[in-house]
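My notes follow in the order I looked things up.

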Amino acid sequence: AAFFGPVARGNPVVDSFEAELRRVLSSLRRLRGAGEVKPPQHDLHRHGGNNLFNIWIKYKPRLPEWYYNERLVKVGDTLTQIKEYKLALVQCYERYLQQFGSVNLNDVMNDVHRFKSTFFPNGIRDKKAVLTFHALEARNVCIYQMVCSRDRNLQNRESLQTCLNVLTSLRLTMQVALPQEDLCWLIYNGTVHIYTICRHLMVMGQSAKVLEYLLWASICMESCIPLLSVHYLTWRATLYTAVSQCYFDCQASVHGEIFARRGLIKIDELKQLEDISSSLEHTETEKIFREATLKMSVMIFKRAVYESRRKANSSQPEPKVNPRKAVDLSWPRNPTERLLVEMFDGAAAQFLAILEALSDSSRNLLPPYPPVPDEIAINDVTSELFSAGLEILSAGRFNLHVSNSSIHEEETIFVITAGEKGVSGDAAVKFLKLAFSYEEWNVFYSALEVVDNFLQAQDDPTWKKAEIELKLLTLIQSVVFPGKFERSFSISDDNDKEASTAQGSENTQTIRKESLKFGDPFHDLMILATTVFTCVSTSEQNVHPDKEILVDVVKCLWQKCKMELQQIQMSGSDCLEYIHKHQAYQWVHILWIMNEVIQKSNIAETNVMFAEITLCLAAILENVADS
C-alpha cells in the first residue's frame with residue numbers, strides 16, 4: 001500500500017475501485033472453484049466479465065495512470081492464477097498494452113528496433129518498462145493456455161502456428177530485456193515458458209521447429225550473470241537436456257551428444273568457481289552438481305552405448321554370451337553393462353540411463369514392434385539394455401514414492417538423486433511399457449511379476465493407475481498376439497462394483513459371464529473392451545489410465561472389429577436378421593463399449609477415427625430401428 005502513495009489510503013475513489021474489483025474477482029474465483037463453467041453458470045461468468053470491463057472504463061479517468069496500469073497487470077495475474085486466461089488477456093494485459101497504440105504484436109516480432117520503439121519509447125530503463133515487460137510476457141502465456149484449452153493435441157495447423165508465434169514473441173521480449181541484469185527474473189521466467197511450450201510441441205512431434213527456441217533459452221541462462229549461480233544449475237541442466245533430446249528426436253544424435261558434452265564442460269566450469277568460494281552448504285552443492293552431471297551423462301550414454309558397439313564390431317567383434325548362461329555370470333556381463341558401470345554409480349543412475357537409451361520419440365506404445373535397424377549390433381545393444389534393466393529391477397528395491405519429473409509433467413528425464421540405491425516405482429513402470437513397445441515379452445513378463453508385487457503391496461491410490469495400465473497392456477498383448485502368452489489379470493472387485501452402476505454395464509457383465517468361453521474368438525476382445533470400460537467408469541479420476549493408452553486400446557479394438565461392424569452397417573434394413581444369422585451381437589456390443597470409452601475419457605478429439613466409430617454405431621442403431 002505504501003508503494004501506491006497517498007492515493008492508496010482514505011481515498012473514496014480508490015476504496016470504491018478496489019471494493020468493486022474484489023467483488024468481481026471473488027465471484028469469478030467461486031465459479032472457477034466450482035469446476036468447469038457450465039450453464040447456467042455461463043451467464044454469471046459473462047456477467048463477471050462485463051463488470052470487469054465496466055470497472056476499467058468507469059475508473060480510468062478518475063485514477064492516476066501509474067496506479068491504474070499497475071492494477072491492470074496485477075488483476076491480470078490474479079485471473080491467470082485462477083485460469084481465467086481469456087479475461088486476463090483481453091481485459092488486462094492487452095488493455096494495458098493499448099496505451100502504446102493499436103499495433104499488432106505479430107507484425108513487430110521480426111523487427112527488434114520497431115518492437116523497442118513501440119513498447120519502450122523512453123528506453124528499457126524507464127520506470128514503466130518493468131510493467132510493460134511483465135504484461136508482454138504474461139500475454140504470451142495466456143495465448144498459449146487458450147490454445148491448449150481448445151486444441152491440446154494441436155491438430156489444427158493454426159494452433160501450432162500460434163504456439164510458434166508465442167515462442168518468437170517470448171524470445172524477442174527476452175532479447176530486449178537481456179542486457180539489464182535487474183530483469184533477470186524475466187529472463188528466468190521466459191526460459192520456463194519457452195521450455196513448457198517446447199516440451200508440449202516435442203511430444204506432438206515438432207522437435208525440429210522448437211530446437212532454436214530451446215537453444216535460445218539455454219544461451220540466455222548462460223548470458224545472464226545472476227542466473228549463472230549454483231541455485232539455477234538444476235534448471236540450466238534441464239534446458240541442456242531438452243536441447244539434447246531435441247537433437248535426438250531430429251535424428252541428429254551426434255549433435256545431441258556434442259551438446260550434452262558441452263553442458264558437462266559448463267557444469268565443470270561452475271564447479272571450479274564454486275570450489276573457490278561457496279555460499280551454500282557443501283553437501284547441498286554436491287547434490288546439485290551430481291544431478292546436473294547425471295543428466296548430461298545420460299544423454300551422452302544415449303548415443304555412446306550404440307556407437308561404441310558399432311566401432312567394436314567394425315574392428316574385432318566380441319563373442320556373444322548365451323542369454324541362458326548370462327544369468328550365472330557376475331555383473332557386468334557384456335559391453336553395455338560395462339559401459340553402465342563405467343559411467344554411472346548406483347542402480348538408480350544406471351536404470352535412468354537405460355530408460356533414456358531405449359526411449360525413442362518416434363516409437364509409440366502400440367503397435368509394439370522389435371527394433372529393425374540395418375545393423376545387428378543395435379539389436380544386441382537393445383537386448384542387453386533390457387537385460388540390464390531387468391537385472392536391476394530383480395536385484396534392487398523400489399522407493400515408495402512417485403519420482404518428481406522436474407517442475408513440468410512432460411519432462412522425460414526423471415530427476416533421480418545421484419547415488420540413490422533403489423529404482424522408483426514410476427521408472428519401473430516406464431521400463432515395462434518400453435519392454436512392451438519393443439516386443440521384449442520375456443523381459444516384460446519377468447519384470448511384471450516384480451513390479452506387480454510391488455504395486456499390490458501399496459496402499460497409496462497413486463499406484464492404482466499404474467496397476468490398471470499394466471493390466472490393460474497384458475490384455476492388449478493377448479489380442480495382438482493371441483496364444484503367445486497365457487497370462488491375464490482382472491480388475492479388482494472394488495472397480496467392478498462401481499462400474500456396474502454405470503449405464504449399460506449390467507449388459508456388459510452379463511456378456512462377460514454367460515457368452516464368453518475360452519477358445520471363443522470374441523473372448524480376448526470382449527475382456528479387453530469390458531476391462532477398459534470398467535477403468536474409465538470409476539469416479540476416481542486420478543486412477544484413470546493415460547489417454548495415450550486409452551487411445552491405443554480403442555484403436556486396437558476398432559482394427560479387430562472394423563470389418564465385421566462394417567458388414568453389419570452395410571446390411572441396411574436387414575440389420576437385425578444379419579446380426580441374428582451371424583451371431584454378431586457381441587460385435588455391436590464391443591462397438592457400443594468403444595463409443596462409451598471415447599465419451600467417458602474425453603479422447604474424441606485426439607483422432608478422427610473416433611468420429612468414424614461413433615458414426616458406425618449411429619448407422620447400425622438406425623438400421624436396427626428400421627428393421
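**Salt bridges**

I began with Glu-20 and Lys-58, whose side chains form a salt bridge with N and O 3.0 Å apart; the term stands for a side-chain nitrogen of Lys or Arg within 4 Å of a carboxyl oxygen of Asp or Glu. Glu-20 sits in helix α1 (residues 12-33) and Lys-58 in helix α2 (residues 41-59), so this pair ties together parts 38 residues apart in sequence. I take helices (H or I, at least four residues) and strands (E, at least two) as DSSP runs, numbered from the N terminus.

My cut-offs: buried is under 20% relative accessible area, exposed is over 50%, and partly exposed is in between (1.4 Å probe, protein chains only).

Before going on I noted the ground rules. This is a predicted model, with residues numbered from 1 along each chain as its sequence is written. Local features need pLDDT of at least 70 and side-chain atom pairs count only at pLDDT 80 or more, while totals for chains, interfaces and linings use all residues; side-chain values use heavy atoms, with hydrogens and water left out.

Next I looked up Asp-546 and Lys-465, which meet in a salt bridge at 2.5 Å, N to O. Asp-546 is in the loop between α22 (523-537) and α23, and Lys-465 is in helix α19 (residues 462-480), so the pair ties together parts 81 residues apart in sequence. Asp-546 is partly exposed at 30% relative accessibility, and Lys-465 is also partly exposed, at 25%.

Then came Arg-303 and Glu-307, with their closest N and O atoms 3.8 Å apart in a salt bridge. Both are in helix α12 (residues 282-315), four residues apart, about one turn of the helix. An α-helix has 3.6 residues a turn, so residues three or four places apart point the same way. Glu-307 counts as buried at 19% relative accessibility. I also found Glu-257, Arg-261, Arg-303 and Glu-307 linked in a network of salt bridges. The count of salt bridges comes to 19.

I stayed in helix α12 for Phe-301, which is buried at 0% relative accessibility. What does Phe-301 touch, leaving aside neighbours within four places in sequence? I get Leu-339, Leu-340, Met-343, Phe-344, Ala-353, Ala-357 and Leu-385, with contact meaning heavy atoms within 4.5 Å.

Gln-350 belongs to helix α15 (residues 347-358) and is buried at 10% relative accessible area. Not counting residues up to four places away in sequence, Gln-350 touches Trp-331, Leu-340, Val-341, Phe-344 and Ile-392.

**Cores**

I then asked which residues have the most contacts inside the largest nonpolar core. They are Phe-431, Leu-565 and Ile-568, in a core of 101 residues. Such a core is a set of buried Ala, Val, Leu, Ile, Met, Phe, Trp, Tyr and Cys residues joined through side-chain atoms within 4.5 Å. Helix α23 (residues 547-570) gives the most to this core, 11 residues. Apart from this core lies another, of 94 residues, including Ile-55, Val-75, Phe-115 and Ala-135.

Beyond four places in sequence, the contacts of Phe-431 include Phe-351, Ile-354, Leu-385, Val-443 and Ala-447.

**Helix α26**

Helix α26 (residues 609-626) has 18 residues and reaches 26 Å from first C-alpha to last, close to the expected 26 Å; that expected span is 1.5 Å times one less than the number of residues. Its buried residues, among them Phe-610, Ile-613, Leu-617 and Ile-620, pack against α23, α24 (575-581) and α25 (585-601).

**Whole chain and confidence**

I count 26 helices and two strands, and 51% of the 627 residues are buried.

Last, I checked pLDDT, the predictor's confidence in each residue from 0 to 100. The chain averages 83, and 82% of the residues score at least 70. Over residues 1-5 the pLDDT is below 50, and it stays under 50 over residues 404-419 as well. Where pLDDT is low, the predicted coordinates should not be read in detail.
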